[in-house]
Amino acid sequence: MSDAEVPDVALFPLQTVLFPGGRLPLRLFEQRYLGMAKACLRDGSPFGVCLIREGAEVGAPAEPMEIGCLARIAAWDMAQLGVLQIVAVGARRFRILERRVEKDGLARARIELLAEESDAALPADDLCARILRRAIESGGEALIEPPARYESAAWVSARLAELLPLSLESRQRLLEMDDAGDRIEVLRRLVRPAAP
């Protein structure tokens, strides 16, 4: 099933923001999310990751932000009975049109996919690309889903937004931006004072 064919999706509200192409390791132990992961693996379907607007990750269903990112399970392991470890990779951004909570507490939503963000080419000596390259080369490679695309404003800005110590609200605003060139400009202003 392609992302373009996803009208309805299980939601996983988290205290994190996932970007397209981002890598998200998760430990699932609540029955609703174990069932969600099983269905995703069986059907090859994505689930939706949204920043929590109100509530908590565990317990009663949290209220999600309206804009999120589809996630596909890239790897999984159950080393401990009842705890599923997965690595999800961000796909397309989406907007929640209508949300409902099922009997087991799993939230599902009717969604619309957002247009692919416009990308822009970055020069090899771009400040943001240089900072990201240094972060990855100094131990951050485990946090990044290959391949590296330092020439892409969309890829560089998304990876920097994931790695920089930004507030969740700032990350959410960056996710909601439709133009990677605009996002890279915002990030340049943030990193310029710290750049050598």
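Because the model is predicted, local features were considered only at a pLDDT of at least 70 and side-chain atom pairs only at pLDDT 80 or more, whereas totals for chains, interfaces and linings use all residues. Residues are numbered from 1 along each chain as its sequence is written, and side-chain values rest on heavy atoms, with hydrogens and water left out. The pLDDT, which is the predictor's confidence in each residue on a scale from 0 to 100, averages 91 over the protein, and 95% of the residues score at least 70. Confidence is lowest in H2, with a mean of 89, and highest in H4, at 97; helices (H or I, at least four residues) and strands (E, at least two) are DSSP runs numbered from the N terminus.

Helix H5 (residues 180–191) comprises 12 residues and reaches 16 Å from its first C-alpha to its last, close to the 16 Å expected at 1.5 Å a residue, where the expected span is 1.5 Å times one less than the number of residues. Its buried residues (under 20% relative accessible area, with exposed over 50% and partly exposed in between, for a 1.4 Å probe and protein chains only) are Ala180, Gly181, Arg183, Ile184, Leu187, Arg188 and Val191. Seen down the axis of H5, these residues fall within an arc of 155 degrees, so they line one face of the helix; the arc is that of the directions from the helix axis to the C-beta atoms. The buried residues of H5 pack against helices H2 (127–140), H3 (153–163) and H4 (168–176), contact being defined as heavy atoms within 4.5 Å.

In the loop between H4 and H5 lies Asp178, which touches Arg93, Glu117 and Ser118 when residues up to four places away in sequence are not counted. The C-alpha atoms of Asp178 and Ala154 are 9.8 Å apart in space, with 24 residues of separation in sequence.

Of the seven residues of strand S1 (residues 8–14), six are buried, so the strand is largely enclosed by the rest of the structure. S1 pairs with strand S7 (residues 107–113) in the antiparallel sense over three bridges and with strand S3 (residues 47–54) in the parallel sense over four bridges, pairing requiring at least two bridges found by DSSP. Ala10 stands opposite Arg108 in S7, and Pro13 opposite Cys50 in S3.

A cis peptide bond, with omega about 5 degrees, joins Pro146 and Pro147, and Pro147 is placed in the loop between H2 and H3.
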